[in-house]
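Here is a short tour of one protein chain, written to be read with the structure open beside you. Take a moment to turn the view around before reading on.

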Amino acid sequence: MEHGAAGGLAFLHPLLAWLEGGALGRAMRQEAFLFPAVEIIHILGFALLIGAIAVLDLRLLGWRSTLLPPAVLPAGLLARLVLPVSITGLLLAIPSGLMLLATEATSIGVNTAFLVKLGLLALALLNILLLHRGIWRHIAEWESAAPPARVRVAALASLLLWVGILIAGRMIAYV
């Protein structure tokens with residue numbers, strides 16, 4: 001079942017074919033309850049990951065700041081609180097995503113929605129890296145007040161990118 005872009009990850013075709021043809025790919029296709037169980041784990045992982053990220057992003061954007069002022073819940077404290085949740089989500093999403101990929105790796109590897117998902121994921125991770133390598137180093141100067149404009153822009157970009165990742169991931173089955 002060939003989908004989407006002609007090129008895609010075609011240069012990785014031997015690796016994708018190995019993944020799809022291996023024991024994991026066969027098990028994911030043949031065991032009746034394995035695919036749905038792994039899909040549930042993947043969804044749970046993304047819910048934890050994106051939920052934790054969204055909470056921090058919304059705080060950085062100033063959402064509900066009249067009910068819970070930044071001084072009550074500083075951004076650094078909130079980040080430390082949600083970090084274990086986001087890491088847990090990531091640790092669930094990555095291996096389950098690879099397991100889901102193994103079912104039809106050669107066709108998913110050229111699927112336009114999958115490629116968009118990977119591109120958005122790369123941008124989301126770059127956004128995190130740039131934020132933490134930049135203005136986040138000076139969090140003590142602003143964490144109990146309204147974040148600087150650069151932080152709010154990064155938070156908005158983060159929200160949009162992660163929602164885009166969810167949408168692209170869901171569209172894999174339909175593109």
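Which residues make a nonpolar surface patch of about 460 Å²? The patch is made by Val163, Ile167, Met171, Tyr174 and Val175. Patch members have over 30% relative accessible area and no salt bridge; like charges are joined within 9 Å, and nonpolar side chains (Val, Leu, Ile, Met, Phe, Trp, Tyr) within 5 Å. A salt bridge here is a side-chain nitrogen of Lys or Arg within 4 Å of a carboxyl oxygen of Asp or Glu. Areas come from the Shrake-Rupley method with a 1.4 Å probe, and for residues only the protein chains shown count as cover.

Before going further, please note that this is a predicted model, where local features need pLDDT of at least 70, side-chain atom pairs count only at pLDDT 80 or more, and totals for chains, interfaces and linings use all residues. Residues are numbered from 1 along each chain as its sequence is written, and side-chain values use heavy atoms, leaving out hydrogens and water.

**The whole chain**

The chain has seven helices and zero strands. Helices (H or I, at least four residues) and strands (E, at least two) are DSSP runs, numbered from the N terminus. Of the 175 residues, 39% are buried; that word means under 20% relative accessible area, while exposed means over 50% and partly exposed lies in between. The chain exposes about 10,000 Å², with carbon and sulfur atoms supplying 74% of it.

| Residue | Relative accessible area | Class |
|---|---|---|
| Tyr174 | 56% | exposed |
| Ala75 | 0% | buried |
| Ala47 | 48% | partly exposed |

Tyr174, from the patch above, is found in the segment after α7 (149–171). Ala75 lies in helix α4 (residues 75–103). Not counting residues up to four places away in sequence, Ala75 touches Leu56, Arg59, Leu60, Trp136, Ile139, Trp142 and Glu143, where contact means heavy atoms within 4.5 Å. Its C-alpha atom is 9.6 Å from that of Ala146, 71 residues apart along the chain. Ala47 sits in helix α3 (residues 34–61), and its C-alpha is 9.8 Å from that of Val85, 38 residues apart in sequence.

**A helix pair**

Helix α1 (residues 13–21) and helix α2 (residues 23–30) pack at an angle of about 50 degrees, with their axes 4 Å apart. They are therefore oblique to each other. The contact involves Leu19, Glu20 and Gly21 of α1, and residues of α2 including Ala23 and Leu24.

Note on methods: Buried < 20%, exposed > 50% of the residue type's maximum accessible area, 1.4 Å probe, protein only. Axes fitted to C-alpha atoms, helices over the stretch in contact; angles between N-to-C directions. Parallel < 35°, antiparallel > 145°, perpendicular 65-115°, else oblique.
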